[in-house]
2 protein chains.
Amino acid sequence: MASDDLPVPVFSKPVTLRDVAAEAGVSVATASKALNDQGRMTAETRERIRETARRLGFRPNSLAQSLLRRRSFTVGLLTNDTYGRFSLPLMSGISDALVDNGVSVFLCNVEEDPRLGQLHVDAMLDKRVDGIIATGKRIDRHLPVDLSNLRVPVIYAFTQPDPDAIAFVSDDADGARLAVEHLCRLGWKRIAHVTGPASFAVVHARAQAYRDVLVENGLPVTEPLLGSWSEAWGHQAVAHLFDGKSERPDAVFCGNDQIARGVIDALRERGLNVPGDVGVIGFDNWEIVAEATRPPLTSIDMNLVALGREAGLTLLSLVGGKPAAPGIRKLPCRLVVRQSCGHPLDG
Amino acid sequence: MASDDLPVPVFSKPVTLRDVAAEAGVSVATASKALNDQGRMTAETRERIRETARRLGFRPNSLAQSLLRRRSFTVGLLTNDTYGRFSLPLMSGISDALVDNGVSVFLCNVEEDPRLGQLHVDAMLDKRVDGIIATGKRIDRHLPVDLSNLRVPVIYAFTQPDPDAIAFVSDDADGARLAVEHLCRLGWKRIAHVTGPASFAVVHARAQAYRDVLVENGLPVTEPLLGSWSEAWGHQAVAHLFDGKSERPDAVFCGNDQIARGVIDALRERGLNVPGDVGVIGFDNWEIVAEATRPPLTSIDMNLVALGREAGLTLLSLVGGKPAAPGIRKLPCRLVVRQSCGHPLDG
DNA sequence: GCCTTAAGAGAAAACCTTTTCCCAGCTTAA
DNA sequence: TTAAGCTGGGAAAAGGTTTTCTCTTAAGGC
């Protein structure tokens with residue numbers, strides 16, 4: 001009796017279409033049509049049913065809808081990057097693109113475990129996801145799962161795709177060009193490159209772009225220094241570069257922001273001013289690092305959020321039945337100017 | 001004809017129980033019972049049906065099962081911590097606890113937007129999640145959503161709970177005790193505390209524990225220095241501490257690892273050796289930072305993965321109908337010794 | 001030989017929604 | 001008056017699974 005006024009019965013069973021129909025004195029068929037703007041009925045009938053549904057707090061059961069439509073408005077996101085430097089912005093973009101279409105995302109971390117991967121993929125398929133997005137922490141490595149010949153469309157984002165699949169990756173050569181061209185534009189002449197291990201494909205792509213730009217600008221090319229992706233390696237590299245017998249560089253293009261941070265710290269310890277004496281540019285634009293260096297680090301952003309959004313939208317259109325050509329789509333990077341390279345000479 | 005040998009028909013419609021039943025020459029009811037170890041039938045019949053299911057690659061449609069059981073083996077994870085320093089390890093633990101029970105996780109980032117929050121919660125409820133876990137980036141802030149009086153159980157992890165809800169948080173006082181006691185044990189006498197802004201509840205909890213431990217050990221208490229959670233503040237704080245007229249500290253308990261990094265860098269720039277002259281301890285155990293400081297940073301780990309696992313398991317038991325007492329459960333922290341505090345004196 | 005019991009298997013309802021088809025009643029035109 | 005057309009609405013099937021109930025047949029006990 002007291003609860004008669006409550007708009008939504010709290011803690012009670014969900015109200016079904018049947019309840020609405022009974023309350024409005026029509027059949028479930030009519031109720032369904034009223035709520036979905038289908039079928040023919042008088043405006044009064046339609047409005048009365050709608051009002052009843054509102055009053056009862058009716059929400060259609062997605063499970064039943066999905067079963068019927070054979071479409072769950074759900075996608076699976078597979079990753080092996082638990083502490084996601086890369087996959088997190090990616091997810092953010094993906095999620096962004098999907099929520100607007102009422103699609104929810106199952107997030108699964110498969111680590112490096114094929115068994116876990118298969119488990120998750122099977123679970124997703126059983127739950128009738130509309131599609132799957134695979135993402136990882138490295139462009140040049142596969143996830144430990146086989147996603148070929150699935151019954152649903154698959155998109156790869158920032159991870160190694162199967163042949164004939166659709167993939168989105170950042171354009172590392174483009175990013176490296178942006179970086180080195182920026183240094184050239186600012187008038188630096190002897191530009192060194194300190195980067196990660198040779199086992200990473202991006203190391204080679206960026207190194208080649210680095211060489212190309214230097215040649216195009218008539219500047220001397222020195223061999224990239226390969227090491228690890230760490231601050232410590234940035235430190236060491238400065239010793240190589242500035243203690244060696246060869247001519248000292250006046251700028252350093254770093255393979256990631258952590259290396260750049262190591263380089264900047266080492267330069268400061270040597271009494272060299274950044275950007276007064278030496279220009280430094282990073283890669284990744286990891287804000288937590290780039291904004292903590294002194295001075296703040298100019299860096300290359302891989303636009304991972306945008307990349308994720310593209311991946312999400314493409315998956316959606318695939319699910320909608322629109323075909324898309326297989327292949328790897330490289331998305332451009334973006335230069336983020338802070339203070340570590342100095343100001344334009346024409347300023 | 002050629003495809004007769006294929007174990008799983010690729011790219012075809014999913015095989016249903018009806019298909020299995022037809023192929024095995026029994027009714028769907030019998031087929032269901034055979035596969036679920038229910039009902040009575042001859043061992044041969046059961047095995048024949050099973051074999052048929054295997055051969056056809058049958059996988060039950062979760063949507064249909066969920067509809068019937070009113071249980072979807074799905075939970076929602078709500079967060080507002082997109083670039084998840086804290087919520088990511090948490091998720092890892094949650095996911096860990098749940099996958100073993102065949103439960104998938106919907107991940108939703110609600111940012112700070114109540115509208116987005118409501119959207120996601122409604123979507124989850126429509127999809128009949130078994131329960132919801134709310135997590136965030138601050139223990140003392142609510143998510144921008146109202147999760148009271150939902151039809152499903154809710155657990156809060158590392159975020160401000162509703163009254164009478166179940167919540168898991170890290171025990172910040174415990175963590176601070178561990179840190180300061182560690183410094184005391186190593187023989188440091190004048191221990192300063194540099195931490196974040198007063199608007200954070202954890203700042204006060206940790207500061208109080210800091211004072212308590214110093215008093216217990218008969219050491220002088222100085223007022224904590226409140227600032228921001230940044231490296232830059234760590235730098236500044238060292239100036240305050242070492243340029244002031246008051247006696248200089250010989251150890252610093254920092255509110256997070258970034259502050260600690262700023263402190264260590266500033267000390268080095270002053271020619272002070274860590275841990276020779278000054279001991280430094282951090283909080284959070286953010287490995288990317290803690291391992292890059294020179295020397296590597298001793299820190300307090302909040303055990304977020306374990307916290308997430310607890311949250312996941314508790315939600316599961318709630319879903320299973322076992323009641324649990326409301327309230328906030330504080331989980332202990334863990335000391336991670338690296339090199340920034342020096343070695344035990346008795347070593 | 002008759003009754004009881006149990007085994008083995010199927011029919012049908014249930015979960016909830018959507019959609020197709022159909023029906024009854026009314027209006028209009030021939 | 002009858003055929004045709006339209007209108008408002010309902011019945012029923014579909015989606016895939018689980019579970020309860022019912023039915024048939026065979027075996028066992030007397």
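**Terms and their grounds**

Guide: In chain A, β6(A) and β7(A) are paired in the parallel sense over two bridges. This is a predicted model, in which local features need pLDDT of at least 70 and side-chain atom pairs count only at pLDDT 80 or more, while totals for chains, interfaces and linings use all residues. Residues are numbered from 1 along each chain as its sequence is written, and chains are lettered from A and ligands numbered from 1 in the order in which they are written.

Visitor: What makes β6(A) and β7(A) a pair?

Guide: Two strands pair if DSSP finds at least two bridges between them; β6(A) and β7(A) have two bridges. Strands themselves are DSSP runs of E with at least two residues, and helices are runs of H or I with at least four, numbered from the N terminus. A:Val194 stands opposite A:Leu225 in β7(A). Helix α9(A) packs on the sheet, touching β6, β7 and β8 of chain A.

Visitor: In what order do the four strands of the open sheet stand?

Guide: The order is β7-β6-β8-β9 in chain A, with parallel pairing. β7 (225-226) and β9 of chain A each have a single partner strand, so they stand at the edges and one side of each is left without a neighbour in the sheet.

Visitor: How do you know what span is expected of helix α10 (residues 257-269) of chain A?

Guide: The expected span is 1.5 Å times one less than the number of residues. Helix α10 of chain A has 13 residues, for which 18 Å is expected, and its reach from first C-alpha to last is 18 Å, close to that value.

Visitor: Why is A:Asp277 called partly exposed?

Guide: A residue is buried if 20 or more other C-beta atoms, placed from the backbone, lie within 10 Å of its own, exposed if 12 or fewer, and partly exposed in between. A:Asp277 has 14 C-beta neighbours inside 10 Å, and therefore counts as partly exposed. A:Asp277 lies in the loop between α10 and β9 of chain A. By contrast, eleven of the 13 residues of α10(A) are buried, including A:Ile259 and A:Val263.

Visitor: Which residues are the closest to DNA strand C?

Guide: They are A:Leu17, A:Ala29, A:Ala64, B:Ala29 and B:Met41, among 26 residues that surround DNA strand C. A residue is near a strand if its C-beta atom, placed from the backbone, lies within 6 Å of it. α2(A) gives the most to this surface, with five residues.

Definitions and conventions: Contact = placed C-beta atoms within 7 Å. Axes fitted to C-alpha atoms, helices over the stretch in contact; angles between N-to-C directions.
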